[in-house]
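Here is the note you asked for on this chain. Please keep the sequence and the structure open beside it while reading.

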Amino acid sequence: MEHGGREYTDSKDSVYSSPLWKATRKRQLSLQPLCQACLSQGIITAAHHVDHVFPWRQIGKEAFTRNLFQSLCQEHHSYKTGKEKHGIVIHWIEGKETTLTLDDYAAHTS
């Protein structure tokens, strides 16, 4: 499901300021304060971004409540966002970069 235009921007901004997202973000960074991508390379870097593994541009607002989350540094968050523009979903798990598709969404979020 593709979301675009002004409605997408307004909706996205309101969700990022919601108490629910702020609590989710705080919890994720508390559980995983280091960048998962850097750790997969043996590098210790503080995470500043909570990434929706399955991008909400493609799955809608459900991405904020029914999703996998990963803590990332700015560099890896930008890298992953760039890949998403080509339909590639990346999850760093168990010490490696794993590529998922939107077809994997239901299996990973049930």
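1. The protein chain averages a pLDDT of 86, and 88% of the residues score at least 70. Among the elements of the protein chain, strand S2 (residues 69–72) has the highest mean pLDDT, at 97, whereas H1 has the lowest, at 60. Over residues 1–9 the pLDDT is below 50, although this stretch has 12 contacts in the model beyond near neighbours in sequence. Where pLDDT is low, the predicted coordinates should not be read in detail.

2. As to the overall layout, the protein chain has six helices and four strands, which follow the pattern α-α-α-β-α-β-α-β-β-α when read along the sequence. Of the 110 residues of the protein chain, 38% count as buried. Of the contacts with a separation of 6 or more, 57% are accounted for by residues 24 or more positions apart. The protein chain exposes about 6,600 Å², of which carbon and sulfur atoms supply 52%.

3. The largest nonpolar core has 16 residues, and Val 53 and Phe 54 are those with the most contacts inside it. Helix H2 (19–31) and helix H4 (56–59) each supply at least two residues of this core. A second, separate core has seven residues, among them Cys 35, Cys 38, Cys 73 and Ile 90. In soluble globular proteins, nonpolar side chains tend to be buried together. Once neighbours within four places in sequence are left aside, the contacts of Val 53 include Leu 68, Phe 69, Val 89, Ile 90 and Leu 100, and also Lys 80 and Glu 84.

4. Which residues are linked in a network of salt bridges? They are Asp 51, Lys 80 and Glu 84, and the whole structure holds three salt bridges. In the bridge between Lys 80 and Asp 51 the closest N and O atoms are 3.1 Å apart; this pair links distant parts of the chain, since Lys 80 lies in helix H5 and Asp 51 in strand S1 (residues 49–52), 29 residues apart. Both Lys 80 and Asp 51 are buried. For Lys 80 and Glu 84, the closest N and O atoms are 2.2 Å apart, and the two residues lie in helix H5, four residues apart, about one turn of the helix. Both Lys 80 and Glu 84 are buried.

5. Glu 62 also forms a salt bridge, with Arg 66, the closest N and O atoms being 3.4 Å apart. Here Glu 62 is partly exposed, with a relative accessible area of 38%, and Arg 66 counts as partly exposed at 30%.

6. His 76, in helix H5 (residues 74–84), is buried, with a relative accessible area of 9%. Leaving aside neighbours within four places in sequence, His 76 is in contact with Cys 35, Ala 37, Cys 38, Gln 41 and Trp 92.

7. Strand S3 (residues 89–93) pairs with strand S4 (residues 96–100) in the antiparallel sense, over five bridges. The bridge partner of His 91 in S4 is Thr 98. The hairpin of S3 and S4 has two residues between the strands, and Glu 94 takes a positive phi near 50° there.

Definitions and conventions: Residues are numbered from 1 along each chain as its sequence is written. This is a predicted model: local features need pLDDT of at least 70, side-chain atom pairs count only at pLDDT 80 or more; totals for chains, interfaces and linings use all residues. Side-chain values use heavy atoms; hydrogens and water are left out. Buried means under 20% relative accessible area, exposed over 50%, partly exposed in between (1.4 Å probe, protein chains only). Contact means heavy atoms within 4.5 Å. Two strands pair if DSSP finds at least two bridges between them. Accessible areas come from the Shrake-Rupley method with a 1.4 Å probe; for residues, only the protein chains shown count as cover. pLDDT is the predictor's confidence in each residue, from 0 to 100. A nonpolar core is a set of buried Ala, Val, Leu, Ile, Met, Phe, Trp, Tyr and Cys residues joined through side-chain atoms within 4.5 Å. A salt bridge is a side-chain nitrogen of Lys or Arg within 4 Å of a carboxyl oxygen of Asp or Glu.
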